[in-house]
Amino acid sequence: GLFSAPYAPFYDTPRIYFQLPLAGAALIQYLTGAGPTILYLVLNFIFALFFFRIAIELYEQVVGLKSGAQWLGLALFIWGGGVLTLTGLTHELILGHGLKAAFLNAFKFDPANGWWCLNLGRNTMLPFENFYHALFLGSILCLLRERYRGALVLAFILSCSHIVSGFQLLAVIVAWAGFEIVVARNPRFPRSVLWTSIGLIALHLAY
């Protein structure tokens, strides 16, 4: 069903928002009678498999997976902690708290003590985050493989699923298409991708 903005300051905020994965989960629960915990775990497992598979495919498409260094790069691509995590580790070691304390407190400078999930792997704890990331990375992979209809379909599904991520992905596709057409003058890149993605952004903003 439709729902209002979760952080709106008024109780009578219009119910105009729709989220595809939430509606799908509600339908599955209604049809199967599964409890929310079981449903959460099953969906998380399924979406995580899709996410990891697509992430690995995308990395292999761009970087390759033929050497040990490339496999290490894959681990960093999915699980890399970033500057904040390295700062937390270094801070604990400088204070002399030891290696164990350093790893236990590695997220001390991360937002929400690491629960903001600033790398791809940490998001696998949340089923819908797996869903959003799989759609986003899958659309980029389709663009790289010149499967433009697939990229636009996945972008449209994400637009129906997440108001922020959907706009971000559509903006990326518009910029990508604009570069290919205007700057690179790539004759193989369909002009329809640019106009369709602009139309989807207009539809998204209107929604």
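Reader: What is the handedness of the crossing of H7 and H8?

Author: The crossing of H7 and H8 is left-handed. That word is used if the near helix is turned anticlockwise from the far one by less than a right angle, with right-handed kept for clockwise. Before we go on: this is a predicted model, so local features need pLDDT of at least 70 and side-chain atom pairs count only at pLDDT 80 or more, while totals for chains, interfaces and linings use all residues. Residues are numbered from 1 along each chain as its sequence is written, and side-chain values use heavy atoms, with hydrogens and water left out.

Reader: What makes H7 roughly antiparallel to H8?

Author: The axes cross at roughly 155° and come within 7 Å. That makes H7 roughly antiparallel to H8, because angles over 145 degrees count as roughly antiparallel, under 35 as roughly parallel, 65 to 115 as roughly perpendicular and the rest as oblique. The axes are lines fitted to C-alpha atoms, for helices over the stretch in contact, and angles run from 0 to 180 degrees between N-to-C directions.

Reader: And why is H6 called roughly antiparallel to H7?

Author: H6 (residues 127-144) and H7 (residues 148-159) pack at about 160°, their axes 8 Å apart. So H6 is roughly antiparallel to H7. The crossing of H6 and H7 is left-handed.

Reader: What sits in the loop between H6 and H7?

Author: Glu-146 lies there, and Glu-146 has a positive phi of about 60° although it is not a glycine.

Reader: Why is Glu-146 called partly exposed?

Author: Its relative accessible area is 36%. Buried means under 20%, exposed over 50%, and partly exposed in between (1.4 Å probe, protein chains only), so Glu-146 is partly exposed.

Reader: How do you know how exposed Ile-163 is?

Author: With a relative accessible area of 43%, Ile-163 is partly exposed. Ile-163 belongs to helix H8 (residues 163-183), and contributes to a nonpolar surface patch of about 500 Å² together with Leu-2, Phe-18, Leu-20, Val-164 and Tyr-207.

Reader: Which residue has a positive phi of about 55° although it is not a glycine?

Author: Asn-113 does. You'll find Asn-113 in the loop between helix H5 (98-104) and H6.

Reader: Zooming out, how many helices and strands are in the chain?

Author: The chain has 9 helices and 0 strands. Both are DSSP runs numbered from the N terminus: helices are H or I with at least four residues, strands E with at least two.

Conventions
Patches are made of residues with over 30% relative accessible area and no salt bridge: like charges are joined within 9 Å, nonpolar side chains (Val, Leu, Ile, Met, Phe, Trp, Tyr) within 5 Å. Accessible areas come from the Shrake-Rupley method with a 1.4 Å probe; for residues, only the protein chains shown count as cover. A salt bridge is a side-chain nitrogen of Lys or Arg within 4 Å of a carboxyl oxygen of Asp or Glu.
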